[in-house]
Amino acid sequence: MTRLGDSVQRASELLAQDLSTDANVERLLEETGARRYLDLSDLPAREQAELIGARAVELLPSVEKLAERIEERAAQGKGLHIKLGIDPTAADVHLGHAVPIIVLSRFQRMGHDITLIIGDFTAKIGDPSGRTAERPPLTDEDIARNLSGYQEQVRPFFDFEKVRFAHNSQWLAPYTLPKLLGLLAQVPVSSLLQREDFRNRLAEGSGLTMSELLYPVAQALDSVELACDVELGGVDQLLNLQMGRRVMEAHGQQPQLVVTMPLVEGTDGSGAKMSKSKGNYVGLSGSPDEVFGKIMSIPDRLMVPYLRAWTEWTDAEIEQATARIEAGSLHPMDLKKILAGEVVAALHGVPAAMAARAHFVAQFSKKSFSDAGTLPAVEVAEHGEEGVAAVLTKVLEFTPSASAARRIAKQNGLRLIVEKTGRDQQAVVLSETEALRPLAEVAREAVAAHADGAADAVYLKAGRKVAEIRGL
């Protein structure tokens, strides 16, 4: 079994445990976090290609062709030459920028060669991808300022000591007009105008400059200069990357393979991609508490895309976790706390992630119960032998019927909250079957399992309604 296979097996065992407890979560974060440094060179070519393809929106021409290229280069005694272009357009970096870097790290740990292109020349043109208006070009001072903090912010996701840096001004600045005109004679205008954003701007009467039209050609010349095997980029870069294939063929080179990464949706759940201008981003320079809190604010539907984008979890592990949510044995909030911990651990380490987790629980979770003022109460001496659903209906009047209480349980909305001084709250999700069992019996089992048999307070929560259980 490969090193990754061993790690997957250990993580799968942890994912089957109670993931509301700090001890299990910490062990899981340590296991999956260690994968960011795991040597993947023992993976066969097919598994390498599949691991990359699993995180790509597009892998062109195919996963099979990537595996063939890996085998071809291995037969020559070398790895693939991978290229990622970085246009220094901003001083601060957010998690959205880390998506291709994380995949690039996997290529690096598979033993392939990485070149990061600092687009100091193309940045002065301005990449028009996805834009509805012409972007102002950057000055040399802008580029120098923006580059200064980039490497340090992205460092947690990538080993910069094992890469080559190149500035594309080295080969683009001296590129002559005759050579450019000769190349452009082989590039149909129709291929440049395939872009939907260009067509929309032209239809609206907005400006479209020649420099923007030439940007994909300039980027393609980077690939020609490096004779690279693979180029990474966001999905909005697809046409630019395909231009690289066309221009390489025009130069008699073997065309690069293209790997595009998703543009991850922002934290507000509006559907817009993560962006500083929209305020829906998670900055890489944020404090552990800030990063943890922002991840916890996302809608549940973003958990899987975020797990895929920023963790080293395999698809099988993500499916294992989501299957537990569907089965009612894992609450979505517990998975979201693990996701937030994964991101903080990547940036600041596991101890910082666990501290941020504890702070979040203390600040938000407990505030809803211990600090909520006077709550409805259920006395175990009077109602402990009644079923949980019956107590919710007849005693607390939280639900109109016992069947309604069971429906809440089926939707993972019925929980016991166990508090013990000096420890996090522990949320115990009650199944539909447990909703029919005696309240005292279910509550005492929860206290025994999550508070060593003695809790300071226990609460029954159905949806947003909460009541204290007294007399245990």
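# Group meeting talk: a walk through one protein chain

Let me start with helix 13, residues 238-250. This helix has 13 residues and reaches 19 Å from its first C-alpha to its last. That is close to the 18 Å expected at 1.5 Å a residue. Keep in mind that this is a predicted model.

Which residues of helix 13 are buried? They are L238, N240, L241, M243, G244, V247 and M248. Now look at the spacing in that list. An α-helix has 3.6 residues a turn, so residues three or four places apart point the same way.

Helix 12 spans residues 210-226, and Q219 is found in it. Is Q219 buried or exposed? The cut-off for buried is under 20% relative accessible area. Q219 has 7%, so Q219 is buried. Its side chain has a partner: a polar contact of 3.3 Å joins the side chains of Q219 and E231. Leave aside the neighbours within four places in sequence, and Q219 is in contact with K83, T122, E231, Q237, N240 and L241. N240 and L241 are on the list of buried residues in helix 13.

Stay in this region for one more stop. A227 sits in the loop between helix 12 and strand 5. Its phi is positive, about 50 degrees, although A227 is not a glycine. Why point that out? Most residues other than glycine have a negative phi, and most peptide bonds are trans. A227 counts as partly exposed, with 41% relative accessibility.

There is another case of positive phi. E397 is not a glycine either, and its phi is near 55 degrees. Find E397 in the loop between helix 20 (388-395) and helix 21 (402-410). Buried or exposed, this time? The cut-off for exposed is over 50%. E397 has 62% relative accessibility, so E397 counts as exposed.

Now the peptide bonds. A cis peptide bond joins L60 and P61, with omega at about 5 degrees. P61 belongs to the loop between strand 1 and helix 4 (63-75).

Let us move to G53. G53 is found in helix 3, residues 45-53. With a relative accessible area of 22%, G53 is partly exposed. Beyond its neighbours within four places in sequence, G53 is in contact with L59 and V63.

E26 and E342 are 316 residues apart along the chain, and their C-alpha atoms are separated by 9.9 Å. E26 is found in helix 2, residues 22-34. E26 counts as partly exposed, at 31% relative accessibility. Its contacts, leaving aside neighbours within four places in sequence, are V350 and M354.

One more residue. T267 lies in the loop between strand 6 and helix 14 (288-296). What is T267 in contact with, apart from its neighbours within four places in sequence? The list includes M274, N280, Y281, V282 and K294. It also includes S297, I298, P299 and Y306.

Now zoom out to the whole chain. There are 22 helices and eleven strands. The C-alpha atoms fill a box of roughly 95 × 55 × 35 Å, taken along the principal axes. Of the 472 residues, 52% count as buried. Take the contacts with a separation of 6 or more: residues 24 or more positions apart account for 72% of them.

Last, surface and charge. The accessible surface comes to about 20600 Å², and 51% of it belongs to carbon and sulfur atoms. The chain has 52 positive and 65 negative side chains. The centres of the two sets lie 2 Å apart.

That is the tour. Questions, please.

Conventions. Residues numbered from 1 in each chain as written. Predicted model: local features only at pLDDT ≥ 70, side-chain atom pairs only at ≥ 80, totals over all residues. Heavy atoms only, no water. Helix = DSSP H or I, 4+ residues; strand = E, 2+ residues; numbered from the N terminus. Buried < 20%, exposed > 50% of the residue type's maximum accessible area, 1.4 Å probe, protein only. Polar contact = N/O pair within 3.5 Å; in protein donor to acceptor, adjacent residues only side chain to side chain. Contact = heavy atoms within 4.5 Å. Areas by Shrake-Rupley, 256 points an atom, 1.4 Å probe, with all protein chains shown as cover. Lys, Arg positive; Asp, Glu negative; His and termini not counted. Charge placed at Lys NZ, Arg CZ, Asp CG, Glu CD. Expected span 1.5 Å × (residues − 1).
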